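Open the model in your viewer and keep the selection panel at hand. The stops below run from a whole chain down to one residue pair, then move to another chain.

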Amino acid sequence: MALLEVDTLQTHFRTPDGVNRAVDGVSFHVERGETLAIVGESGCGKSVTAMSILRLIPEPPGKSAGAIRFGGRDLLKLSEREMRRIRGDEISMIFQEPMTSLNPVLKVGRQIGESLRLHQGLGRHQAEAQAVDMLKLVGIPEPKQRAGEYPHQLSGGMRQRVMIAMALACSPKLLIADEPTTALDVTIQAQILDLMRDLKERVGAAILLITHDLGVVAEVADRVVVMYAGRKVEEAPVRRLFAKPRHPYTRGLLGAVPRLGSSLEDRAGRLAEIPGMVPSLKTRIEGCVFAGRCPEVQDVCRRHAPGLEEKAPGHVAACHLSLRDQAAAA
Amino acid sequence: MAGTTLPPPRDLVIADALPDVLAPRKPMTGLVGAVRRRPTLVLGASILVTIVLAAVFAPWVGTVDPGTLATAKRLKPPSAENWFGTDMLGRDLYSRVIYGARVSLAVGFFVALLASVIGLAIGLVSGTVRWIDSIVMRLIDGMMSIPPILLAVALMALTRGSLQNVIVAITLAEIPRVARLVRGIVLSLREQPYIDAAIAAGSPMWRIVIRHILPNTLAPMTVQATYICASAMIVEAILSFIGAGVPPITPSWGNIMAEGRALWQVKPNLVFFSAAFLSITVLAVNLVGDGLRDILDPRMAKSL
Amino acid sequence: MNAPQKLLSSAPLLEVNDLKIHYPLAGSLFGRARRVVYAVDGLSFRIARGETLSLVGESGCGKSTVGRAVLRLLRPTAGQVVLAGRRIDDMSAGGLRPLRRQVQVIFQDPFSSLNPRIRVRDALAEPIRNFGLAADRADLERRLHRLMDRVGLPREALSRWPHEFSGGQRQRIGIARALAAEPDLIVCDEAVSALDVSVKAQIVNLLGDLQAELGLALLFISHDLAIVEHMTHRIGVMYLGKIVETGTRRQIFVRPRHPYTQALLSAVPVPDPEAPRRRIVLKGDVPSPIDPPKGCRFHTRCPYVFDRCRTEEPALSEIEKGHEAACHLNARPAGENPLLGGTFA
């Protein structure tokens with residue numbers, strides 16, 4: 001059984017001008033020890049999905065439906081009390097902006113120790129000793145001294161390491177990382193990505209990585225879910241997704257990213273564009289959500305929303321065009 | 001799906017239709033919508049409008065001349081004839097409270113208006129011109145070290161009690177707060193990239209202040225004005241209560257309370273009604289202020 | 001072609017000489033020595049007409065501060081900013097105003113770069129009116145329509161408010177506002193960094209088209225190396241307020257000769273899981289510009305650091321025509337220079 005199974009998750013929000021279907025029927029699973037990346041552009045529902053798993057969606061105005069099975073329990077059915085016991089212990093999260101997610105008036109050693117005391121019932125000294133070990137694990141030099149410092153005394157990269165130490169303190173089974181390197185500089189991002197890869201092997205936690213950066217996905221993910229307008233449009237093992245994307249949106253995204261090495265060509269060509277913009281999620285969309293921007297759109301796409309089809313083992317995509325592909329192959 | 005469309009081709013995989021998680025609700029428009037979306041704003045506004053109308057049309061809402069003495073009917077409890085009872089001189093308390101609203105509302109409105117306009121001007125200049133700023137801010141720091149009530153009392157001590165003087169005194173006491181608020185807003189607006197773009201577009205500083213900065217200060221200023229209005233009404237009542245406000249002959253809520261002070265334990269109605277009107281009016285103004293803040297704050301509007 | 005004309009066309013549009021921008025930090029109450037942020041510390045570059053120069057580097061390297069100095073949104077501490085042959089670094093606000101037409105700006109955040117209380121029409125008309133570019137009302141209207149066409153927005157959008165647009169559309173409005181002044185140079189301060197992938201591609205293409213059509217020069221300030229490589233002609237790599245390497249696109253991306261440039265390029269995540277990774281991971285963080293390291297500013301993180309680097313600051317020296325790097329390693333014979341490790345890109 002998978003570690004985490006998200007089944008037809010819907011998270012909607014009530015707004016003054018209608019219901020926003022931020023996540024509308026997303027299913028995926030995360031196996032023990034693997035890294036699953038959810039990739040998509042802003043507003044595709046990837047962060048809302050992560051927040052829904054941790055039940056951090058404010059209700060009202062939001063509401064989640066479907067099932068989120070984790071260790072045999074449906075997280076959506078747990079009481080807030082039971083949920084609190086899971087957060088930070090079995091599932092923990094790191095955020096994009098480390099400064100706002102650390103408490104500015106608590107020393108970092110104390111902050112890491114806090115969750116150990118809360119979830120594992122350690123004494124204060126024990127917890128802080130273990131906090132120092134965690135800081136060492138995430139590669140912070142002079143961990144003992146750093147544990148006695150406040151978040152503002154650390155650099156951005158150090159803070160993100162502290163966040164990771166805090167998230168890993170209770171040896172969670174699942175780590176949700178929401179844009180963990182987006183706010184960091186490239187050289188610091190490289191450090192953190194290396195650290196995440198290294199820790200994955202040593203700690204053995206599964207990682208659910210939320211990102212918009214296909215470069216980051218290629219570097220750390222095992223499998224990828226591509227989201228668009230609140231739906232999952234494609235899912236595949238990482239190499240397969242980059243080699244044989246089956247959804248026009250995924251193809252568009254891959255084409256739109258400039259890659260290093262363009263200077264070897266004589267003149268830089270144009271980047272592939274995806275014309276138009278994401279549709280509003282406040283009106284129900286008949287047909288395929290990508291139909292309005294799809295270069296290969298057909299009549300049927302506007303009438304019938306495509307369901308997810310298995311294109312190859314472990315590779316699913318929601319696109320009617322596969323029919324034509326098969327016909328062409330035959 | 002419309003009946004005219006063709007059935008989907010057989011091999012097509014169609015996504016399951018998903019249920020609504022949140023029941024669809026008609027967009028809230030019109031009066032009912034306004035009440036449901038912002039109940040406190042509507043409540044505050046309706047109370048305020050009622051009191052303003054009563055004050056404006058005071059002679060036609062069942063009042064008599066608030067100065068009419070009737071020694072035969074001194075200290076009557078509330079009755080069908082005198083709704084709030086009568087005071088020590090037999091004057092109808094209901095009429096006095098309604099006429100008293102005129103003073104409170106006039107003070108609140110004019111202080112809010114004058115303090116906003118003058119404070120806005122000072123704040124805009126101070127936030128824009130650095131050398132003026134260093135002088136003005138020291139002055140304002142000094143003024144703000146005195147509580148506004150004491151400052152108003154001190155100013156009233158220099159002059160004779162009249163409605164205009166009360167308004168001027170309270171306005172002077174409120175200006176520093178507004179100026180400082182506006183200056184803060186101006187300084188943060190100056191950091192906005194669109195101001196840099198306007199400089200690059202060749203706009204001189206004065207035009208940037210008028211076209212780009214001023215309009216963005218109006219929303220927070222409007223909200224602040226309501227709080228000033230509420231605070232001014234309280235300060236006015238205190239001034240009247242301690243005899244430093246409008247002349248005692250004028251019915252005002254502070255004066256009515258001051259007159260009833262000696263007997264309030266045996267005749268609570270002497271103080272109660274004017275105190276209640278003052279509290280309710282201040283509450284209503286604050287509710288309106290909070291409601292405006294929610295509507296005008298662009299961040300709030302975006303998150304909804 | 002006669003001589004004076006040739007001289008004119010070869011003169012750079014923008015020349016920045018030994019630019020320094022230092023900020024004093026607010027001194028403490030008890031008279032401690034005032035500390036100074038060396039945001040930009042001796043920087044020179046030139047931009048020709050129609051050329052794109054990119055300044056790349058990590059946050060705090062001073063690249064945005066350089067952009068603000070070129071726009072004269074701040075007054076440099078020392079050095080010269082010469083625009084089309086005229087020094088603008090010490091000009092008064094009034095004297096500068098008519099010259100501002102030549103240099104416009106596009107910002108990173110499409111939300112805060114447009115005044116929420118000004119309609120698109122008025123935002124675009126502001127520079128046209130200020131610089132007296134339109135002959136009459138009809139001409140103004142024609143210009144507004146042409147701007148909207150040029151950036152790919154419907155003309156009806158002129159009468160709408162900024163909040164009615166998406167991030168990508170707002171960025172197009174920002175570009176239209178910059179174009180309204182008919183500038184020679186546009187400073188693009190992280191102009192596409194905040195945009196989503198698919199929108200980013202649209203805006204990058206738009207900037208490329210506009211440059212080709214209008215002969216604009218761009219000062220492209222960015223931390224996104226893949227975008228920079230895609231758009232630029234020349235590059236200046238900045239580290240702690242200085243340019244450590246400069247050269248053409250191919251020189252920098254294929255044969256970088258500064259260890260920082262090499263590390264920066266190797267750190268970019270490649271959107272291809274099959275790509276071989278030869279990553280140089282730098283240790284530690286960028287030191288503070290309040291107290292920059294002695295000697296070479298990069299020596300605290302450099303994988304090849306040796307004694308000379310800690311004491312003597314390397315100057316930019318020419319490696320080939322147009323390609324300069326500030327590293328002592330390049331003074332060594334080729335066999336002993338670890339920076340010569342084959343092509344990079």
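Here is the tour, stop by stop.

This is a predicted model: local features need pLDDT of at least 70, side-chain atom pairs count only at pLDDT 80 or more, and totals for chains, interfaces and linings use all residues. Residues are numbered from 1 along each chain as its sequence is written, while chains are lettered from A and ligands numbered from 1 in the order in which they are written.

**Select chain A.** Its C-alpha atoms fill a box of roughly 65 × 55 × 40 Å along the principal axes. Colour by secondary structure: chain A has 13 helices and 12 strands (DSSP runs numbered from the N terminus; helices are H or I, at least four residues, and strands are E, at least two). Now colour by burial. Buried residues are 53% of the 330 in chain A (buried: 20 or more other C-beta atoms, placed from the backbone, within 10 Å of the residue's own).

**Select residues 4-15 and 62-70 of chain A.** These are strands 1 and 4, which pair in the antiparallel sense over 8 bridges (strands pair if DSSP finds at least two bridges between them). Zoom in on Val6(A): opposite stands Ile68(A), in strand 4 of chain A.

**Widen to the sheet.** In chain A, 4 strands form an open sheet, ordered 2-1-4-5, with antiparallel pairing. Strand 2 (18-30) and strand 5 (73-74) of chain A each have a single partner strand, so one side of each lacks a neighbour in the sheet.

**Select residues 101-289 of chain B.** An unreviewed UniProt entry annotates this range as "domain: ABC transmembrane type-1" (such annotations may be inferred rather than shown by experiment). The range is 82% helix and 0% strand. Its end C-alpha atoms are 19 Å apart.

Notes. A residue is buried if 20 or more other C-beta atoms lie within 10 Å of its own, exposed if 12 or fewer, and partly exposed in between; C-beta atoms are placed from the backbone.
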